[in-house]
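Thanks for coming. I have one model to show today, so let me put it up.

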Amino acid sequence: MEKAQRCPEKDTMVRRVAVIGAGASGLASIKCCLDEGLEPTCFERSDDIGGLWCFTDTVDCGRTSVYRSVITNTSKEMSCFSDFPCPEDFPNYLPHHQLLEYFRMYAQRFDLLRHIRFKTTVCSVRKRPDFSTSGQWDVITETEAGQESHIFDAVMVCTGHYQEPLLPLASFPGIETCFKGRHLHSREYRDAEGFQGKRVLVVGIGNSGGDISVELSRVAAKVFLSARSSTWVFSRISDHGFPFDMVVTTRFKHFLDWLLPSAIMERIRFWKFNSWFNHTNYGLASVKSSKFNIIINEELPFCLLSGTVVLKPTVKEFTESSAVFEDGTTENIDVVLFATGYAFSFPFLEDSVRSLFKHSCSLYKCIFPPQLEKPTLAFIGLVQLTGSVMVGAEMQARWVTGIFAGSNKLPPVSRMMADISKKEKQLVKRNPAEVNMWMSFISYTDEIASCAGIKPSVLRLLLTDPRLGLAVFFGPCSPYQYRLVGRGRWSGARSAILTQWQRALKPLRTRVIDDSSDSSSSLPWLCLLALPAVLVAGFLFSKYARPWWIPRAGFHL
């Protein structure tokens with residue numbers, strides 16, 4: 001691997017890099033720094049790796065943790081690190097403890113732990129007086145022994161989205177002045193202990209709100225779920241029992257999304273959603289909804305069908321012992337749980353830097369504050385994708401460390417600002433109320449891969465290695481695809497792509513059933529027959545593809 005070198009455009013040598021946070025983004029950033037010959041030092045405020053995936057029974061006011069029963073929403077093949085597949089015997093969707101075990105295996109394999117300083121809080125990150133020429137940062141950290149000052153050539157912020165809980169109490173009259181029951185944010189929730197026999201109102205129907213409602217319905221007297229927007233619910237299990245994201249997240253379907261009109265694609269999506277159950281009958285969503293949310297939950301529809309969870313509209317106000325809803329109905333409530341999400345904040349950054357961006361879309365590629373004199377500050381994992389954020393974060397880290405090392409470079413500030421402005425306008429046009437940060441997974445990762453010079457050419461693969469090319473185009477867009485070419489190329493990437501379905505099926509083979517039929521024997525021939533059409537499609541898509549910042553109305557799958 002090439003070592004760090006001087007970048008003529010910047011005239012700045014980057015070698016020492018501060019990595020803030022040892023979650024999934026932080027671990028990937030450490031490894032990418034090492035791959036580029038940089039010297040990373042990671043500061044982690046807790047005593048373990050894993051970030052929010054490191055479950056704790058206690059509620060730490062400075063740290064977010066998943067709840068006890070949480071399971072990943074993306075499958076192992078679609079969310080692993082690109083050069084380190086999950087063990088084949090791991091289940092497709094991982095409970096938090098197995099995902100943490102995978103992180104430990106990754107850290108051990110690439111010797112990352114020696115670069116992490118645990119129980120170390122970053123108090124301050126400030127530009128040095130000569131920042132305009134050096135690009136360096138003064139970093140102050142604190143441990144039990146006291147504070148310590150450091151000088152770093154670059155900083156990678158890997159603290160993610162889930163930092164400050166959003167608790168909009170002002171939007172719920174009476175919750176603080178009248179209501180006598182208990183209220184809490186989902187950040188404080190660990191399990192159903194203490195909710196037995198209670199009448200619980202969950203406010204917010206995101207993934208956390210849906211999961212917690214289902215779990216509480218097993219012990220609570222009644223669970224009410226308040227939804228503000230239309231919500232489509234789908235399962236992790238796709239047709240024929242395969243992981244949903246492995247079936248849906250393909251370059252072929254991404255090509256169709258680009259090729260077909262938006263109205264047709266929306267109709268197809270709505271039809272697919274309603275093929276499981278009619279969302280209008282359940283009060284969840286209508287095909288006429290212009291704005292909607294999508295969550296993953298296999299059990300919520302049955303809870304609604306069995307009455308253990310009752311869907312309600314927005315809360316109008318609270319009285320001493322009840323909630324009054326916008327439709328005029330009233331329900332007695334003992335506990336209110338707000339699953340209203342999080343806001344990111346970076347209190348350790350100086351005000352002059354924090355003021356440069358309001359959300360991730362005001363960063364160049366959701367990573368770099370473009371107004372800085374030197375591109376030595378990067379935010380990793382501060383992007384919401386329709387696929388695994390872990391994969392997106394690793395892709396970001398590979399590009400960023402390449403820039404730090406001098407092998408990649410950023411465009412002029414004017415071009416970066418124009419790029420940001422264009423994308424913000426497109427997103428605001430889609431949803432005037434807010435800048436929606438959900439990005440198309442394939443579009444965004446391909447965009448970053450192109451910047452880093454590691455995006456595979458499907459057309460070239462189809463011509464030089466048809467078997468691999470067909471797997472890349474028709475099969476899951478798994479992270480191994482971004483290890484086929486360019487810096488950081490991995491010799492095991494081809495094999496990992498061609499064996500990903502075997503690894504998905506392996507944990508299910510705990511009881512073997514004799515099945516002499518071979519319904520898949522014709523699949524290779526069908527793919528070969530489709531090869532000419534794929535070559536034409538690959539050429540058209542590479543020439544006219546829609547940019548990642550212009551999503552279809554609704555949600556990209």
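This is a predicted model: local features need pLDDT of at least 70, side-chain atom pairs count only at pLDDT 80 or more; totals for chains, interfaces and linings use all residues.

The protein has 19 helices and 22 strands. There are 557 residues, and 53% of them are buried. As for the contacts with a separation of 6 or more, 69% are between residues 24 or more positions apart. The accessible surface comes to about 25300 Å², and carbon and sulfur atoms hold 53% of that.

On the H1 side, the contact is made by Ala 24, Ser 25, Ala 28, Ser 29, Cys 32 and Cys 33. H11 brings Met 390, Ala 393, Glu 394, Ala 397, Arg 398 and Thr 401. By class, the residues of this contact divide into seven nonpolar, three polar and two charged.

H11 also packs on helix H13, which covers residues 441-452. Here the axes come within 9 Å and cross at roughly 15°. That makes H11 roughly parallel to H13. For H13, H11 uses Val 391, Gly 392, Met 395, Gln 396 and Trp 399. From H13 come Phe 441, Tyr 444, Thr 445, Ile 448, Ala 449, Cys 451 and Ala 452. The contact of H11 with H13 has nine nonpolar, three polar and no charged residues.

One more pair. Which way does helix H7, residues 251-259, lie against helix H15, residues 466-474? Their axes are 5 Å apart and the angle is about 55°. H7 and H15 are therefore oblique to each other. In H7, Arg 251, Phe 252 and Phe 255 meet Val 472, Phe 473 and Phe 474 of H15. Five residues of that contact are nonpolar, none is polar and one is charged.

Most residues other than glycine have a negative phi. Asp 111 has a positive phi of about 55°, although it is not a glycine. Asp 111 sits in the loop between helix H3, residues 96-109, and strand S3, residues 116-117. Cys 366 also has a positive phi, near 65°. Its loop runs between helix H10, residues 351-354, and strand S20, residues 377-379.

Are these two residues buried or exposed? Asp 111 is partly exposed, with a relative accessible area of 39%. Cys 366 is buried, at 1%.

Last, Ser 230, in strand S12, residues 230-234. Its relative accessible area is 18%. Buried means under 20%, so Ser 230 counts as buried. What does Ser 230 touch, leaving aside residues up to four places away in sequence? The list is Leu 284, Ala 285, Ser 286, Ser 289, Lys 291, Phe 292 and Asn 293.

That is what I have.

Technical notes: Residues are numbered from 1 along each chain as its sequence is written. Side-chain values use heavy atoms; hydrogens and water are left out. Helices (H or I, at least four residues) and strands (E, at least two) are DSSP runs, numbered from the N terminus. Buried means under 20% relative accessible area, exposed over 50%, partly exposed in between (1.4 Å probe, protein chains only). Contact means heavy atoms within 4.5 Å. Accessible areas come from the Shrake-Rupley method with a 1.4 Å probe; for residues, only the protein chains shown count as cover. Ala, Val, Leu, Ile, Met, Phe, Trp, Tyr, Cys and Pro count as nonpolar, Asp, Glu, Lys and Arg as charged, and the others, Gly among them, as polar. Axes are lines fitted to C-alpha atoms, for helices over the stretch in contact, and angles run from 0 to 180 degrees between N-to-C directions. Angles under 35 degrees count as roughly parallel, over 145 as roughly antiparallel, 65 to 115 as roughly perpendicular and the rest as oblique.
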